[in-house]
Amino acid sequence: MSEDALSPRRRVEITLRGGHADVVPFTIYEYKLQQSAIERGLRNRGLCIVNRHVPVFRTHRPNVTVTRQVSWEGGKQFTHTFYETPVGTLSTLDEAADFTAWHHEKMFKTPDDYKALLFLIRDERYETDYDAFSRAERDFGEDVILRAGFGLEPLQQLISSSMMDMQDFCIQWMDHRDEVLKLYEAIAENRRKVYPLVAASPALHANYGGNVVPEITGPEVFQKYYVPHYNEAAEVMHRHGKLIGSHLDANCGLLAEDIGATDLDYIEAFTPAPDTDMTLAEARAAWPDKVLWLNFPSSVHLKSDAEVEEATVRLLGELESIDGLIMGITEDIPPERGLDSCRAIMDGLARHAREHPTLYA
């Protein structure tokens with residue numbers, strides 16, 4: 001990289017504010033690409049690592065005792081975690097699986113667990129950890145960008161965290177909605193304590209939840225229980241000159257108008273067709289004032305290098321401007337395709353910049 005070239009992080013920062021750099025930035029989550037000489041070459045070419053595991057605040061529960069029991073069955077590791085509260089004990093059962101885990105049991109088992117869940121939520125306390133974030137940002141260097149987070153949206157916390165199974169949530173939403181909403185309100189109060197901590201931190205941007213499944217929430221629930229929280233957090237962030245987005249990687253067509261009406265600055269992990277129900281051109285038309293931080297369609301990784309490169313060029317060709325556009329990878333890549341596919345995507349980004357110089361002027 002020449003001395004006057006933009007660093008990978010700087011490209012992302014410029015684009016996050018709605019501008020463009022000398023090439024569309026290319027990012028990938030910190031664990032999606034195995035370290036190697038080829039990976040190092042990609043970073044030298046401008047690939048930016050997105051690290052989401054250095055928090056700006058820490059959470060603790062002073063009145064909840066947590067114990068873990070680890071066991072092995074058939075070569076698989078299982079962790080049974082117990083959360084002992086003064087009003088009852090909750091438990092989860094997880095199976096280790098590489099960088100993630102399979103959740104075999106979540107905290108909620110029966111309506112008898114509502115009281116302990118409410119205590120667990122209300123017992124959360126928060127403290128800033130800005131120094132650790134600043135040190136990490138300095139130590140990682142210019143080809144890594146650190147992202148802060150608020151946690152999941154209050155209702156999404158009940159849908160896709162360790163608290164409830166999605167099917168249980170749907171049943172409880174119909175049968176015991178008052179109890180569900182008590183948990184929702186308690187989580188919302190916790191989030192409001194976090195907004196100013198994130199906004200005053202060294203982080204430029206932060207994600208607010210995501211992984212919303214429109215087929216589960218529907219427009220009415222999204223409008224009532226999601227949009228207000230995005231906007232409330234955005235108001236605090238914007239007072240500090242910070243940016244806020246959400247990880248919306250599903251079929252967003254059903255919620256497109258509502259997403260466009262939020263005060264979110266960027267839509268992260270948006271996955272264009274053929275993997276979802278919206279093309280990149282449709283997303284830009286629906287959200288003209290928002291940065292689009294893409295997830296390159298996972299199905300295309302399976303194609304040849306030449307086809308991946310061509311798909312990249314064709315994807316960018318859907319837009320009249322590359323302002324506020326970041327190419328990213330937020331999902332798993334087949335191990336045998338990861339390095340080659342990333343290299344082909346970068347070739348496509350470079351080719352598009354060469355063939356359309358006026359867009360990058």
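Is Tyr208 buried or exposed? In this predicted model, Tyr208 is buried, with a relative accessible area of 0% (buried means under 20% relative accessible area, with a 1.4 Å probe and protein chains only). Residues are numbered from 1 along each chain as its sequence is written, and side-chain values use heavy atoms, with hydrogens and water left out. Local features need pLDDT of at least 70 and side-chain atom pairs count only at pLDDT 80 or more, while totals for chains, interfaces and linings use all residues.

**Aromatic pairs**
- The whole structure contains 13 aromatic pairs (ring centres of Phe, Tyr or the six-membered ring of Trp within 6.5 Å; planes under 30 degrees apart are stacked, over 60 edge-to-face and the rest tilted).
- Phe150 and Tyr208 make a tilted pair, at 5.3 Å centre to centre and 45 degrees between the planes.
- This pair links distant parts of the chain, 58 residues apart: Phe150 lies in the loop between β10 (148-149) and α5 (154-160), and Tyr208 in strand β11 (residues 205-210) (DSSP runs numbered from the N terminus, helices being H or I of at least four residues and strands E of at least two).
- Phe150 is buried, with a relative accessible area of 2%.
- The ring centres of Phe222 and Tyr230 are 6.1 Å apart with planes at 55 degrees, so this pair is tilted.
- Both Phe222 and Tyr230 are buried.
- A cluster linked by ring pairs comprises Phe150, Tyr195, Tyr208, Phe222, Tyr226 and Tyr230.

**Charges over rings**
- Arg52 sits over the face of Tyr29, 3.6 Å from the ring centre (the criterion is NZ of Lys or CZ of Arg within 6 Å of the ring centre and within 35 degrees of the ring normal).
- Arg147 lies over the face of Trp293, at 4.6 Å from the ring centre.

Key
Buried means under 20% relative accessible area, exposed over 50%, partly exposed in between (1.4 Å probe, protein chains only).
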